[in-house]
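Thanks for letting me look this over. Here are a few friendly notes to read alongside the model.

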Amino acid sequence: MHTHPMKLVTIIAEPVLEPRLAHDLKQLGATGFSVVDGRGAGSRGLHATTIPGDNVRLETIVSIAVADRIVDHLAQHYFTDYAVVAYTSDIAVVRGAKYDTAP
Amino acid sequence: MPLLDTLQANLLSPIPLAFALGVLARLMKSEFALPKDLYASLSIYLLLALGLKGGYELSHASVASIAWPAAATLALGVLTPLTTYGAMRWLGRFSTSDAAGMAAHYGSVSAVTFIAAQQFTQRVGAPAEGFMPTLLTLLESPGIHIALAIGALNRGPTRQHGDAPHSTGSTWAVLHEVFTGRTMVLLVGGLFVGYLMGESGWKAVSPFFDSGFKGALMLFLLEMGIVAGSRLGDLRTVGPFLLGLGVLLPIVHGAIGATLATWAGLSVGGATVLATMAASASYIAAPPAVRLTLPDANPTYSLTASLAITFPFNILFGIPLYYRIAQAVATAQV
């Protein structure tokens, strides 16, 4: 089966950021994403807003260029002040065009 | 009744006992907690019931009787964030953002503390005016907006994100966040529905919304005890200044609230409830708004102070104290 190399970007963040991150992902060229709730603790010792919820994990499959843009954007706007973890993984998908936006 | 007796009577009533049980469960490291969805459902039930009953009561209140209390409430909404900001900034030497974040919490109001005060005044035979939930909605948001405005103005433009493709902390986003929060929608919505449906409507739904209210409140307070209990460990990290402030601010705000409320013509019960509102700190509406607008404010300070210090203080000791202050102010005025 023919597959296309893509990037999976995973972002684990405070729940208050979900709407904002969802908006950013679309703006930066992701065609879609999925969100799941999670629990955990990190280097900041707490998840800042424990009252509205635990934390969220956003995943999106994007091209290498878009993945770079997303990670740069997160580093610039979120890493300093918020509990946000992001990483990328190499994956292969069957329908490459589904995840690729026009440059 | 002497203050000590009032305190004791309060401590042995359902709300503080349920709260204490929750704290105890957490201290014993019990795995017990209310399921998250039940907690959310209970808060929806309580807020809507509060709004409906308040709206129904409002339908037979005169504009004249509510005008001055409403003005007093708005004055408290402006004053409490300013005193909190001043105390944090100049006495505690906290950063602008931390001070403004704290001011947003203490400028807003805790609906559960409000309900606890309402129940207390009923129990001691001095029930508050029926329109009090209307005042609760008035106090919910001004404090948050004032505090966030102070924070945004004093922080200066250095942390603005320029041409970022998102709306970081934009005024509109924060306004939307505060005005469409669960508390505002259910309370304000409930007030309108309760007002429009009048007495016959209220009678039809009161078996559900009135009879179950106190029981639901106990369950909710049990969970609040667990939440507050799990933050007790943070008391060590916030330091003695915030510990003291978490107790002093509610007393000062409560005393000012009781005085303004009495001047505005509220009964002793009403003044107790308004004083408690001024003394309480928000831990539901304020945290996300602060987090999005002032990201460099440390949420441990404001959440621990409002949830692990001020909330228990008000539930256990504050409300009877404000009742005594309201009584004293009313006597002095006569």
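**Notes on the predicted model**

1. Chain A has three helices and four strands (DSSP runs numbered from the N terminus: H or I of at least four residues for helices, E of at least two for strands). Along the sequence they follow the pattern β-α-β-β-α-β-α.

2. On conventions: residues are numbered from 1 along each chain as its sequence is written, and chains are lettered from A and ligands numbered from 1 in the order in which they are written. The model is predicted, with local features needing pLDDT of at least 70 and side-chain atom pairs pLDDT 80 or more, while totals for chains, interfaces and linings use all residues.

3. The four strands make an open antiparallel sheet, ordered β2-β3-β1-β4 in chain A (pairing takes at least two DSSP bridges between two strands).

4. Strand β2(A) runs antiparallel to β3 (residues 55-62) of chain A, and five bridges join them. Opposite Asp37(A) is Val56(A) in β3(A).

5. In chain B, Ala275(B) touches Gly254(B), Tyr322(B) and Ile325(B), among others, leaving out residues up to four places away in sequence (contact is C-beta atoms, placed from the backbone, within 7 Å).

Technical notes: Contact = placed C-beta atoms within 7 Å.
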